[in-house]
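This briefing sets out the chain symmetry, the domains, the sheets and the helix packing of one structure. The points are grouped by topic.

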Protein chains: 2
Amino acid sequence: MWPNERLLDLLQIEVPIIQAPMAGANGSALAISVSEAGGLGSLPCAMLNEDKMRAEAGNIRQQTANPFSMNFFCHTAVAPTPEQQAAWTAQLTPFYTEYGLDPSDIAPASIRRAFDEGMCELVEDIKPNVVSFHFGLPDAPLLARVKAVGTRVISSATTVNEARWLEANGCDAIIAQGYEAGGHRGMFLTKDITAQAGTMALLPQVVDAVKVPVIAAGGIADGRGIAAAFALGASGVQIGTAYLFTPQSLISDLHRAALHQATDDQTVITNVFSGKPARGLINRIIREVGPMSEDVPPFPTAGAALAPLKAKAEEAGSGDFTSLWSGQAASLARDMDASELTRTLASDALQRLQQLAGK
Amino acid sequence: MWPNERLLDLLQIEVPIIQAPMAGANGSALAISVSEAGGLGSLPCAMLNEDKMRAEAGNIRQQTANPFSMNFFCHTAVAPTPEQQAAWTAQLTPFYTEYGLDPSDIAPASIRRAFDEGMCELVEDIKPNVVSFHFGLPDAPLLARVKAVGTRVISSATTVNEARWLEANGCDAIIAQGYEAGGHRGMFLTKDITAQAGTMALLPQVVDAVKVPVIAAGGIADGRGIAAAFALGASGVQIGTAYLFTPQSLISDLHRAALHQATDDQTVITNVFSGKPARGLINRIIREVGPMSEDVPPFPTAGAALAPLKAKAEEAGSGDFTSLWSGQAASLARDMDASELTRTLASDALQRLQQLAGK
């Protein structure tokens, strides 16, 4: 039925669509809905504490018998130098002053945790069908323990070089994350966003470079994009932005309204929200400080200083300081329940594939 | 046979592949070879004088009865201010000194001419089947004269907004130029390269926005990419970089060697070679001055000052100052005669389309 069933076989799913884990924007409800429709639902864990991870994974296990994924970051946390923190404070002080906030409150803090011993124990306990990592892979001993419980491991590559590295280090499948993708770029062997390739170029080059199944991500939001990904050699797709439009996503009304207005040319890759490059809708903080600022402290501590500004602006109905994550194809998305969206995407893609052969 | 024959019908060609016009890198030989294979060969005219245009178009007419295209730029030439020229001179002086050249020789000059009365008369005389424009369209009176001789007019859009504008202003088909594409970006209503969309995202949004046939460009270098473009709704593709590998392209051995080594992550969009953003392989001048410099004079005069550096470096076997134009998918290209390449791309794409339907 699908031109290539390698990912379906590997992950034991019925529909070759992975719901992208979106930290802060989805919990168990979205994952359950997608897994119930035969896709792979994903629980993003980077912004959860262990109690919450356990509770959310428990929800998923309870409400679907189908496979699901847990997603973890595996960055190396870097503390800002006093100079970096001072530069960031200087950048943000005018905004703090404008909102009647005290700039002396600006301090580094992280709301994003890297995969560690505690999370590894939790994975060994829960045994999710799939674990996906972002920003590379954890250290070999931790990765070996994840794999030892029978969990399939996937991670994102933004270059052919990263894809080869992930395969050599044990990934069972690789997400080729094209330039179009929303949210954080998975880059871990390069920092140069100017040389990142679009999905159309990246995907077939990754397919040619590795033996494991390749999952396409970036710019895919309807059946046409899924069909195109298979044409380029993918065994499946990972879709994020389109799922933000579902009632199961946790985004604010403000973020939802911005996505509904989005056109093809309204997102950029910016580091202002976290210290690492991520794609979102252009807003005031990006325009005035970014999109890429050299004064942003290293990931993951930059974002904390934006939280009070975000809260004040959102109270006034403004997304000026909110990370409005989005890929470049938001305008293709539809308001739809996540299960229904998953089934519709799959049937649209299959229909498109038949049409292409003149059937 | 093809899932969508709108472009074939419009341009009266047999294969839905347009050879991208590449000023400085192709002349009549490549266009003839592609048109003879049933695709649309293109003669880039922006860097030719009228005698040469006429001679080259004559060659094509003489050697193939099939349709071909002539391509023109339609930028508004802007002279640099003295301040801009001084800043550029300051940027380049260390390189001039290094090569024993005299920086006082740095002066604005253009080797790229915009479509004008003289070229329009030539088009009226030659009546090419297709004229393609880059950087928008010429003024309405000139455009009307081109259309009056029965020539089909196409141009590039890098955003949905540009696509709508081109359709409203009389384009018969629109090239959706994704971020992956090599050479100059056709941008004419926006200057913001950070918000340019990849082909996977841009193409279906353009297809949804206009009624005329859409041609996909950017990151397409093999049958998989062509099949993917049709999956996304394109009626054809425009391919550049892959044709640089043919014996009919005019690029230097140095450029050819660099393309053979190219990987997915070795190109960037840079303005250092002309003043307008264009994608090429990263080299010394891009690394040390670019990729995007605010000290570059406006298009089209910036490049003249690089010519002596380029000549000196190339004498020593170095491409440090050469515009090594390339899209992001050079590694997918093969060494092949241009006619054979055109036929192979078409048959690979058709075979891929059949495979996708499980046939």
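Domain bounds are taken from an automatic or database domain assignment. On that basis, chain A falls into domain 1 (1-75 + 112-248 + 337-359) and domain 2 (78-111 + 252-330), and the C-alpha centres of these two domains of chain A are 26 Å apart. The model is predicted, so that local features need pLDDT of at least 70 and side-chain atom pairs count only at pLDDT 80 or more, while totals for chains, interfaces and linings use all residues. Residues are numbered from 1 along each chain as its sequence is written, and chains are lettered from A and ligands numbered from 1 in the order in which they are written.

**Domain contact in chain A**

- Domain 1 of chain A gives 21 residues to the contact and domain 2 of chain A gives 18, where residues are in contact if their C-beta atoms, placed from the backbone, lie within 7 Å.
- On the side of domain 1 of chain A that touches domain 2 of chain A, β7 and α10 (241-244) of chain A each supply at least two residues; helices (H or I, at least four residues) and strands (E, at least two) are DSSP runs, numbered from the N terminus.
- That side of domain 1 of chain A comprises 10 nonpolar, 8 polar and 3 charged residues, with Ala, Val, Leu, Ile, Met, Phe, Trp, Tyr, Cys and Pro counted as nonpolar, Asp, Glu, Lys and Arg as charged, and the others, Gly among them, as polar.

**Symmetry and the chain interface**

- Chain A is superposed on chain B by a rotation of 180° with 0.0 Å of shift along its axis (RMSD 0.0 Å), using least squares on the C-alpha atoms of residues with pLDDT of at least 70 in both copies.
- The two copies are therefore related as by a two-fold rotation axis.
- Among the residues of chain A, A228(A) comes closest to the rotation axis, with its C-alpha at 2.0 Å.
- The contact between the chains involves 51 residues of chain A and 51 residues of chain B.
- Elements of chain A that give two or more residues to this side are α7 (160-168), α8 (199-209), α9 (223-231), β10 (267-270) and α14 (338-356).
- The side of chain A that touches chain B has 23 nonpolar, 21 polar and 7 charged residues.

**Sheets of chain A**

- β1(A) pairs with β9 (residues 236-239) of chain A in the parallel sense over 3 bridges, and I18(A) has Q238(A) in β9(A) as its bridge partner.
- A further open sheet, of 3 strands, has the order β7-β11-β10 in chain A with antiparallel pairing, and its edge strands are β7 (183-184) and β10 of chain A.
- Between β7(A) and β11 (residues 278-281) of chain A there are 2 bridges, and G183(A) stands opposite R279(A) in β11(A).

**Helix packing**

- The axes of α7 (residues 160-168) and α8 (residues 199-209) of chain B come within 9 Å and cross at roughly 35°, where axes are lines fitted to C-alpha atoms, for helices over the stretch in contact, and angles run from 0 to 180 degrees between N-to-C directions.
- In this contact V160(B), A163(B) and R164(B) of α7(B) meet Q205(B), V206(B) and A209(B) of α8(B).

Technical notes: Contact = placed C-beta atoms within 7 Å. Pairing = 2+ DSSP bridges.
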